[in-house]
Amino acid sequence: MDTLLPIQDRGGPAQPLLLATGLRKHFPVAGGLFGRTTKVVRAVDDLSLSVAKGETLGVVGESGCGKSTVARLLIRLLKPDKGTMVLDGDPVDEPHGITVNELRRQVQMVFQDSYASLNPRLTIAETLAFAPRAHGLPAAEARERVRDLLSKVGLDPANYATRYPHELSGGQRQRVNIARALALRPRLIILDEAVSALDKSVEAQVLNMLVDLKTELDLTYVFISHDLNVVQYLSDRVLVMYLGKIVELGPVEAIYGNPQHPYTRALLSARPSMDPRKRTHEAPIQGDPPNPIDPPSGCRFRTRCPFAEDVCARVEPPLADAQFQAVACHMRVAGSGHSKAMAA
Amino acid sequence: MTNMLQVRDLHVTFVTPDRTVHAVNGVSFDLARGETLGILGESGSGKSVTLRSILRLHPEHRTRWSGSIKLEGDEILDMAPRALSDLRGQRVSMIFQEPATAFDPVFTIGQQIAETVRRHTGKSETESMKRAKDLLEMVRIPSPAQRLKAYPHEMSGGMRQRAMIALALSCNPTLLLADEPTTALDATVQIQVLLLIRELQREFNLGVIFVTHDIGVAVEVSDRIGVMYAGKLVEMAPVERMVDAPQHPYSRGLLASTVHDGMRGQRLESIPGAPPDLAEVPSGCSFAPRCKFVRPDCTTAVPALRDIEAAHAVRCVLAA
Ligand SMILES: Nc1ncnc2c1ncn2[C@@H]1O[C@H](COP(=O)(O)OP(=O)(O)OP(=O)(O)O)[C@@H](O)[C@H]1O
Ligand SMILES: Nc1ncnc2c1ncn2[C@@H]1O[C@H](COP(=O)(O)OP(=O)(O)OP(=O)(O)O)[C@@H](O)[C@H]1O
Ligand code: SF4
Ligand code: SF4
Ligand SMILES: [Mg+2]
Ligand SMILES: [Mg+2]
């Protein structure tokens, strides 16, 4: 198989580009006195999602809720404890499917820390040529590709190809990281806090570029960020996580315009106001997110939820279809036993 | 309102064997008792250096400074060690992004707050511990009596940040310096801490200087906002003015490029290029290389910070 040409679409537009089912990742951590007992961080717990061709799926949630773990599972930097993945119809890492290496060619990732992810001893051109060369692209063609990649991310090849990472600003380094993610002509790019470390004026440049590249190269994005405004700006659908679980998932208009889950509502109204005449007068919820080691039973949000009732501690709410979105809350499940739920 | 703090033409330069950094290049502002000034700017613009100058926290042998910082009439830049220690312990407190640096990991929160109280008031140990408990209650830490016995690492990020605020207020300062105290916190926790700072500021009539790179955060807490660029204040205005009608091309660009509600599908306005290197003192407007309105007189002299109306000053040749 020639791994250096753009991949042809297989299953047509209706087939999800990436389908993940029942993903689970628990990390054992030493606990107790002398670290003898083992506790478990339930970083991602039975999480299923699909990414449609050509969309941007935003992922939000507070620190430690498992966003980066999901990202690492999706490109198999981490092996899931449980769960399956299918890329455009092909099961991943299964006898009749595609290999993890093939997955990692079609799915690329960009991280927050633009400096740590570049080798300080390689020039920008060397960094960008590395993967294509390793996949067998002849040197002359690799040089051509590097020039093309640099132009695509708005860096003049004549000026930047021979520079080292420390000779670039943060925004320029992040452009290089994006160029590197594009080097093998992937179909899906996972952006994990990719613009979070940038100053606002530079962040806007990179966001504009991401929008342009998506159209030009027919890309699909998974965009992970703690910045709710940026996620709203970029995403078609949004997935809200809390302590390793999806609490709400749906079109961006529904999530931001009519959030259903009490956590989503709290998160959105915790955004600082941009208008001094409409300052926030009350925090939507109190307390900190609990530790993902030994999360609360039933609904994991119940310790901070103003609507929690008995059933919330006993039964885990399923992610069920509401009007336009899917919500994991007993108030939305008919007959759940929550006083605000409809009778079954 | 009388001004408790006057900063005039502050310059701070760091000289190390391999480089010189002109971090602050002529900053002047006043702060009144009971007022919150937000200082907004991008990474490296000199926000933290300006703030730390008020406590003289820079390494003395590598730092050159000039100008004047007066607190209630006393010149901080001339203070002898004894006066400096009074300044830091009793008159001015600082809170910052990483509370871990404010607390010693081997002592409990209660021991550390009580010790600070004891040192500054001469109260007995029991009385100091009682005051420490009141302080934890004041920053709305649940079950404060138990929390006194907690070690810093046993508290969540939001709790530690509250405890640091308690520590900062333990000596009844009149001026509180806040350097991105909520930047590392989760959204739902950040808003709680912002509201707490706002309430305490009112309750104790504190002067507050709140440094942040987040416009939303600055808008939530500030009475006035100063925008810094390359070691200078380029604009200073009451918060409503700054949000409604920023005048400096950099402030305008910064506000326009900040993504917020209702911008979906629009192309973002962005400022080309990146902030300048601070190795040289610029001879003209520092923003000129990125400014779309640049004209010849922008680069011949440094534009002055001029009042364009009451309480609204702009450092740009176009402002009038
Ligand atoms: N290799 C690991 N070993 C142990 N625990 C881990 C490991 N990686 C992640 N965790 C834990 O799993 C949980 C989820 O972490 P993750 O990095 O996915 O969160 P996140 O949502 O990306 O957070 P952030 O917003 O801070 O980036 C956290 O509690 C984290 O401490
Ligand atoms: N002790 C020091 N020695 C040398 N240079 C320093 C020192 N402290 C700060 N600087 C430099 O001074 C400049 C201004 O730094 P400062 O910390 O004030 O920026 P800032 O506006 O607070 O940025 P950030 O948003 O990243 O915190 C930077 O170039 C920084 O590297
Ligand atoms: S299931 Fe219960 S605790 Fe969870 S969000 Fe819904 S009402 Fe709140
Ligand atoms: S002084 Fe000139 S270069 Fe500087 S901001 Fe004003 S117009 Fe732009
Ligand atoms: Mg992460
Ligand atoms: Mg700083």
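Okay, let's start inside the protein: the largest nonpolar core has 65 residues, and Ile178(A), Leu207(A) and Phe223(A) have the most contacts inside it. By nonpolar core I mean a set of buried Ala, Val, Leu, Ile, Met, Phe, Trp, Tyr and Cys residues joined through side-chain atoms within 4.5 Å. Buried is under 20% relative accessible area, exposed is over 50%, and partly exposed is in between, with a 1.4 Å probe and protein chains only. Helix 7 of chain A, residues 200-217, provides the largest share of this core, seven residues. Helices (H or I, at least four residues) and strands (E, at least two) are DSSP runs, numbered from the N terminus.

Before going on, a quick word on the model. It's a predicted one, where local features need pLDDT of at least 70 and side-chain atom pairs count only at pLDDT 80 or more, while totals for chains, interfaces and linings use all residues. Residues are numbered from 1 along each chain as its sequence is written, chains are lettered from A and ligands numbered from 1 in the order in which they are written, and side-chain values use heavy atoms, with hydrogens and water left out.

Back to Phe223(A). Leaving out residues up to four places away in sequence, Phe223(A) touches, among others, Leu57(A), Val195(A), Leu207(A) and Leu234(A); contact here means heavy atoms within 4.5 Å. Apart from that core lies another, of 55 residues, with Ala23(B), Ile39(B), Met228(B) and Ala237(B) among them.

Now the ligands. Which residues surround ligand 1? They include Phe27(A), Glu62(A), Ser63(A), Gly66(A), Lys67(A), Thr69(A) and Pro292(A), where near means that a heavy atom of the residue lies within 4 Å. As for polar contacts, meaning pairs of N or O atoms within 3.5 Å, an oxygen atom of ligand 1 is 2.5 Å from an N or O atom in the side chain of Thr69(A). Another pair puts a polar side-chain atom of Ser63(A) 2.9 Å from an oxygen atom of ligand 1. On its own, ligand 1 exposes 630 Å², and the protein buries 61% of that; these areas come from the Shrake-Rupley method with a 1.4 Å probe. Helix 1 of chain A brings the largest share of the shell, three residues. The shell splits into five nonpolar, five polar and two charged residues. For those classes, Ala, Val, Leu, Ile, Met, Phe, Trp, Tyr, Cys and Pro are nonpolar, Asp, Glu, Lys and Arg are charged, and the others, Gly among them, are polar.

Over to chain B and ligand 2, which has 14 residues around it. The side chain of Ser43(B) has an N or O atom 2.7 Å from an oxygen atom of ligand 2, and for the side chain of Lys47(B) that distance is 2.8 Å.

What about ligand 4? Its shell has 11 nonpolar residues, one polar and no charged, including His248(B), Cys285(B), Cys291(B), Cys298(B) and Cys316(B).

One last stop: is Ser336(A) buried or exposed? Ser336(A) counts as buried because its relative accessible area is 17%. Ser336(A) sits in the segment after strand 12 (326-327) of chain A, and its side chain reaches the backbone oxygen of His330(A) at 2.7 Å.

Technical notes
A polar contact is a pair of N or O atoms within 3.5 Å; within protein, one must be able to donate a hydrogen and the other to accept it, and residues adjacent in sequence count only if both atoms are side-chain atoms.
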